[in-house]
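Let's take a friendly look at one protein chain together. Keep the picture open as you read.

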Amino acid sequence: LAGMLFSVMGGRLRSSPLHTTYRFLATWCVVCGGCYALVFLLSEVACMLNVETELVAYALLDGCVVSVSSFVVSCAGSDLQVGLLPAQEAELSLYPGPHNHGFYPNPDYYDDNL
């Protein structure tokens, strides 16, 4: 899972402002997944936690996963400008015409220059 999360990012987010956020969230998901496994091992295999403690631990982990992830996403979105990722800009550069409008093509360019 950890290898998949870190390798899936690939070149699409590289040199993007979302790169740091994605890396943190991937690491956070791996750590929380390990904590779920640790709670299971302590409660079921080692019999160190009773049922009530296990449920409280799972509830705390659920709260941490949801609250930290949503906090990071909301903080990262506030200072980022909505725009194209570097990979999307590179893909748009393969097509003719000015691309300063994002995904919206300029129909006048094609009428005048063909």
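Leaving aside neighbours within four places in sequence, F24 is in contact with V68 and V72 (contact means heavy atoms within 4.5 Å). This is a predicted model, where local features need pLDDT of at least 70, side-chain atom pairs count only at pLDDT 80 or more, and totals for chains, interfaces and linings use all residues. Residues are numbered from 1 along each chain as its sequence is written, and side-chain values use heavy atoms, leaving out hydrogens and water.

**Around F24**
- F24 sits in helix α2, residues 18-45; helices are DSSP runs of H or I with at least four residues, strands are runs of E with at least two, and both are numbered from the N terminus.
- With a relative accessible area of 38%, F24 is partly exposed (buried is under 20%, exposed over 50%, partly exposed in between, using a 1.4 Å probe and protein chains only).
- The C-alpha atoms of F24 and V72 are 8.7 Å apart, although 48 residues separate them along the chain.

**Aromatic pairs**
- There are 2 aromatic pairs, counting rings of Phe, Tyr and Trp (its six-membered ring) with centres within 6.5 Å; planes under 30 degrees apart are stacked, over 60 edge-to-face, and the rest tilted.
- F24 and W28 are stacked, at 6.3 Å centre to centre with 15° between the planes.
- Y36 and Y58 are also stacked, with ring centres 5.9 Å apart and planes at 20°.
- Y36 belongs to helix α2 and Y58 to helix α3 (residues 51-79), so this pair ties together parts 22 residues apart in sequence.

**The whole chain**
- The protein chain has 5 helices and 0 strands.
- Buried residues make up 17% of its 114 residues.
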